[in-house]
Amino acid sequence: MTGTAPWVLGVDSGGSGLRVALARAGGDGRTAAPAPVDTASSDRPVRTGPAGIEAAHLLELVLPRARSLLAAAEPDSAAGAGASRPRIDTVCVGAAGMATLGGELRAVLPGALARELGARHVALAADAVTAYAGALGERPGAVVAAGTGMIATGTDLRSWRRADGWGHLLGDCGGGAWIGRAGLEAAMRAHDGRPGGSAALLARAEAVFGPAASLPGKLYPRTDRPAVLASFAPEVAGCADRDPVAARVVEEAAVHIAESAAAVCPAAEGSVVALTGGLLGIGEPLLAPLRRELAVRLPHARTVPAAGDPLAGALLVAGRLARGALRLPQDPALLHVR
């Protein structure tokens, strides 16, 4: 591969499945990820066992897809033997739960990926880090990921900071499950005749879930309770233009999200903030108050569009690492490099 940039592999592993992308390490940009030559995916999420995220299952999903992508990219040399066989120089795996459940991955993956793919460098990152890299590259700032949950991640390029992301029972304040739960509480207040209720939200709750009195039986046994709660967030946003209770819920969500962004964003002038995640799809009822709150709490920072997603972030980390130019700070739990 003399004169040709080395191959790098990005992996994005989450609760709904896994994606893999192959690219050349490419140029020296700090904000743009290498363009993938091809991608592959699995709708099977990586299993989590008593020791955390299962390394063997992740390898079972990644290795055949990586080899297939490489064979398609270099069909003439992929069939060769020994030194002529192409290899992947650098791999970045971004995984949900890496920070707290990634011990087995950190112990197993560097050696396995070196042995199976020829990787010289392996980066193991929390999904919040690859989301940051995909959205902002290697600039100081903050990234808010607001979907069913809510987490904010920031860096000054010396260390990482995190706010929230503690799940729907302990936090995720302002996320989809938080909005949905608050909206359903207001619906149940209206059902009972207690103060703070919303007839509009009660009507929407019964249209979606059936009679209000049956809601606990439909909600509490569900193992996917956060997703069920979050499914009601668009209904709350849809009522916000005509119902003051719904409007207050969405405005409070904007405050929570902005507070988390402010908690992690560097204080230096010129910092940037990117907003990501499916919750933003509910539109102006949330975005308008969120822009106002960010302007008040982070007057020194500007909000910018996210450049890419977590898979792009994994490719960016791999590409920069392959060139010996990675500027994002290493961290034992959040960004582990071997």
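Student: What radius of gyration does the chain have, and what would a compact globule have?

Tutor: The radius of gyration is taken over C-alpha atoms, and the globule rule is 2.2 Å times the number of residues to the power 0.38. For 338 residues the rule gives a value near 20 Å, and the chain has 22 Å, which agrees. Along the principal axes, the C-alpha atoms fill a box of roughly 75 × 45 × 30 Å. This is a predicted model, in which local features need pLDDT of at least 70 and side-chain atom pairs count only at pLDDT 80 or more, while totals for chains, interfaces and linings use all residues. Residues are numbered from 1 along each chain as its sequence is written, and side-chain values use heavy atoms, with hydrogens and water left out.

Student: How many helices and strands does the chain have?

Tutor: Helices (H or I, at least four residues) and strands (E, at least two) are DSSP runs, numbered from the N terminus. Here there are 12 helices and 13 strands.

Student: In what order do the strands of the open sheet of 6 strands lie?

Tutor: Strands of a sheet pair through backbone hydrogen bonds, either parallel or antiparallel. Two strands count as paired if DSSP finds at least two bridges between them. In this open sheet the order is E3-E2-E1-E6-E7-E13, and the pairing is mixed. Strands E3 (36-42) and E13 (335-337) stand at the edges with a single partner strand each, so one side of each lacks a neighbour in the sheet. Strand E2 (residues 17-24) pairs with E3 in the antiparallel sense over 6 bridges, and Val20 stands opposite Ala40 in E3.

Student: Which strands does helix H12 touch?

Tutor: Contact means heavy atoms within 4.5 Å. Helix H12 (residues 310-322) packs on the sheet and touches E1, E2, E3, E6, strand E7 (121-126) and E13.

Student: At what angle do helices H5 and H6 cross?

Tutor: Axes are lines fitted to C-alpha atoms, for helices over the stretch in contact, and angles run from 0 to 180 degrees between N-to-C directions. The axes of H5 (residues 176-192) and H6 (residues 199-209) come within 8 Å and cross at roughly 105 degrees. The two helices are therefore roughly perpendicular to each other (65 to 115 degrees). Among the residues that meet are Leu184 and Ala187 in H5 and Leu202 and Phe209 in H6.

Student: What share of the 338 residues counts as buried?

Tutor: Buried means under 20% relative accessible area (1.4 Å probe, protein chains only). In this chain, 49% of the residues count as buried.

Notes. Parallel < 35°, antiparallel > 145°, perpendicular 65-115°, else oblique. Buried < 20%, exposed > 50% of the residue type's maximum accessible area, 1.4 Å probe, protein only.
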